[in-house]
Amino acid sequence: MSEIWSKLSEHRRRTSDTSIAELFERDQNRFQTFSAQADGLLLDFSKTALDETGLNALVDLAEQAGLASKIEAMFRGDPINVTEGRAALHTALRSQNDTAVMVDGQDVMPEIQQTLQRMESFAGALRSGAYKTVTGAQFTDVVNIGIGGSDLGPVMATRALAPYHDGPRCHYVSNVDGADITDSLAGLDPQTTLIIIASKSFTTIETMTNAATAISWLRAALGDQASGHLAAVSTALDKTAEMGIPPERVFGFADWVGGRYSLWGPVGLPILIAVGRDNFRAMLSGAAAMDRHFQTADFRHNLPVLLGLVGIWHSNICGYNTRAILPYEQRLARLPAYLQQLDMESNGKSVTLEGSPVRRTTGPIVWGEPGTNGQHAFYQLLHQGTHVVPAEFLIAAEGHEAELSHQHDLLKANCLAQSEALMLGRSAQQARALAQSRGIPEGDLDRMTAHLTFPGNRPSITLAYPRLTPFALGQIIALYEHRVFTEGVIWGINSFDQWGVELGKELALGLLPLIQGATDSSKDGSTLGLVAKLTASTPAT
């Protein structure tokens with residue numbers, strides 16, 4: 001593979017003076033060549049510096065990395081999470097056929113289907129009012145308490161599917177900061193609120209701390225009957241039983257489903273409650289369609305592979321260490337944060353599968369904000385800053401609000417204009433003419449020309465879809481999941497563990513006694529100084 005890496009770097013060196021705009025001038029069919037579609041989803045990567053030679057070399061890179069066999073291994077249920085000895089089978093949670101999926105000699109599909117049916121039965125009863133509060137009323141609100149994958153996925157999807165909500169209102173608590181649960185419970189009625197505690201082990205300290213607060217809130221109104229307003233997403237049946245939650249209201253999932261990949265199963269229970277069985281299954285169907293595409297399409301027309309290869313090109317060949325996720329879809333406001341965890345927790349690794357140091361940069365910094373809000377915040381840096389940030393736009397052909405189609409037209413125009421502006425920029429000649437048209441004095445023209453010039457030649461990708469339906473949302477999420485996997489395979493890292501989150505948790509448990517008054521002279525001076533400040537301060541008046 002080192003030969004292909006060298007070939008790509010040399011190709012970039014030779015072609016770096018060719019602008020993206022020039023590539024379009026040379027090839028009238030560039031859009032058709034550097035875009036791909038699957039089930040109504042369009043990926044346009046023509047506004048990048050890739051040409052045929054570069055793309056062919058990237059495809060060769062994927063082939064030499066054994067991507068095809070790794071894809072097969074993942075869907076087959078092999079223990080590709082080698083540091084934990086586990087499969088990575090989140091794809092099985094959305095499987096649309098009866099094909100057996102074997103883990104340790106057992107077909108896991110019957111249990112997956114049984115759990116989904118239990119979820120649907122519970123959610124259906126809650127939505128219809130068949131499952132009532134302890135006072136005989138109908139539940140109006142659901143509060144999901146989780147963190148990380150038990151929060152980011154469900155809250156992102158719930159907000160994305162707002163037009164399909166016809167169940168109880170769903171709220172989310174994740175931060176151990178008491179302000180989060182205080183503000184979330186404010187205005188809710190404990191007599192009509194269900195609390196879902198989402199923690200596989202039922203030991204996650206932030207989640208269980210918030211759960212204790214929520215249970216106290218319920219008990220203040222319901223007394224010993226408070227457990228009737230509890231459900232859990234967990235495999236720790238002994239611990240859920242101690243809390244008074246019966247097994248029929250506990251939904252577990254196997255350790256071969258990582259938290260950040262888990263919204264397709266029990267972690268997605270609040271999504272199911274909000275939008276109902278048909279819409280939840282449509283989301284699963286969209287993801288399953290992308291799974292089939294990922295498994296069967298050749299690499300030159302495979303959306304997740306192409307998205308991953310463009311990511312490799314930008315990160316490793318062009319040296320861009322960040323990517324901006326820019327959904328021109330207000331209901332995808334939490335998608336950048338969701339993809340931030342998906343990408344950075346998966347591929348933020350510095351050792352290979354064999355435990356040796358990686359030789360190349362992995363895991364770019366992922367961030368973003370919905371358009372058009374971001375245009376009035378950080379786009380200045382995208383257009384004229386010293387950092388080149390590859391932008392990834394998402395846009396629907398139409399919105400849900402037919403009566404406001406003129407606003408969606410403006411949204412689409414803004415999205416397309418931004419990618420065009422990033423590519424074309426504004427030349428010094430154009431900037432000078434603009435300055436003159438604005439009446440800038442001759443003696444000030446040079447200075448203002450510099451300020452009005454945009455370098456352009458800044459890459460972007462656009463993901464376009466007909467409308468943000470449950471099916472389309474499933475496609476989009478699965479697309480990015482498989483993009484992360486593709487990049488991880490090429491880097492030779494494990495995208496399915498997250499040892500990096502452990503150390504801070506361990507140290508926090510050790511620091512809590514200091515915050516509460518104990519002493520420990522072995523701590524560094526900064527930590528001891530901050531403890532002293534934070535435990536001795538009194539609020540300013």
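This note goes through the cavities, salt bridges and cysteines of a predicted model.

1. **Basis.** The model is predicted: local features need pLDDT of at least 70, side-chain atom pairs count only at pLDDT 80 or more, and totals for chains, interfaces and linings use all residues. Residues are numbered from 1 along each chain as its sequence is written, and side-chain values use heavy atoms, with hydrogens and water left out.

2. **Cavity count.** The structure has two cavities of 30 Å³ or more. A cavity here is a set of points, on a 1 Å grid over the protein atoms alone, where a 1.4 Å probe fits but cannot get out; lining residues have an atom within 4 Å of a point. Grid points are joined across faces, edges and corners, and a volume is the space filled by probe spheres set on the points.

3. **Largest cavity.** Its volume is about 50 Å³. The lining consists of Val 310, Gly 311, His 314, Ser 315, Tyr 320, Thr 322, Arg 323, Pro 364, Pro 390, Glu 392 and Arg 483. Helix H13 (303-317) and strand S10 (322-328) are the elements that give two or more residues to this lining. Helices (H or I, at least four residues) and strands (E, at least two) are DSSP runs, numbered from the N terminus. H13 supplies the largest share, four residues. By class, the lining has four nonpolar, four polar and three charged residues. Ala, Val, Leu, Ile, Met, Phe, Trp, Tyr, Cys and Pro count as nonpolar, Asp, Glu, Lys and Arg as charged, and the others, Gly among them, as polar.

4. **Second largest cavity.** The volume is about 30 Å³. Its lining is Arg 323, Ile 325, Leu 339, Asp 343, Val 366, Tyr 480, Arg 483 and Val 484. Two or more residues each come from S10, helix H14 (335-347) and helix H19 (470-491). H19 gives the most, with three residues. The lining has five nonpolar, no polar and three charged residues. Arg 323 and Arg 483 are listed for the largest cavity and again for this one.

5. The whole structure holds 26 salt bridges, each a side-chain nitrogen of Lys or Arg within 4 Å of a carboxyl oxygen of Asp or Glu. Glu 392 and Arg 483 form one of them, at 2.7 Å, N to O. Glu 392 sits in strand S12 (residues 391-396) and Arg 483 in helix H19, 91 residues apart. Glu 392 is buried, at 4% relative accessibility. Arg 483 is buried at 1%. Buried means under 20% relative accessible area, exposed over 50%, partly exposed in between (1.4 Å probe, protein chains only).

6. **Arg 432 and its partners.** Arg 432 is partly exposed, at 27% relative accessibility. Its side chain meets Glu 442 at 3.6 Å, N to O. Arg 432 lies in helix H17 (residues 428-437) and Glu 442 in the loop between H17 and helix H18 (445-452), 10 residues apart. Glu 442 is exposed, at 59%. Arg 432 also forms a salt bridge with Asp 446, at 2.8 Å, N to O. Asp 446 is in helix H18, so this pair ties together parts that are 14 residues apart in sequence. Asp 446 is exposed, at 55%.

7. **Network.** Salt bridges that share partners join Arg 323, Asp 343, Glu 392, Arg 483 and Glu 487 into one network.

8. **Cysteines.** There are zero disulfides in the whole structure; the criterion is a pair of cysteine sulfur atoms within 2.5 Å. Cys 170 is buried, at 18% relative accessibility. Cys 318 is buried at 16%.

Methods: On a 1 Å grid over the protein atoms alone, a cavity is a set of points where a 1.4 Å probe fits but cannot get out, and a pocket is an open set with protein on both sides within 12 Å along at least five of seven lines; lining residues have an atom within 4 Å of a point.
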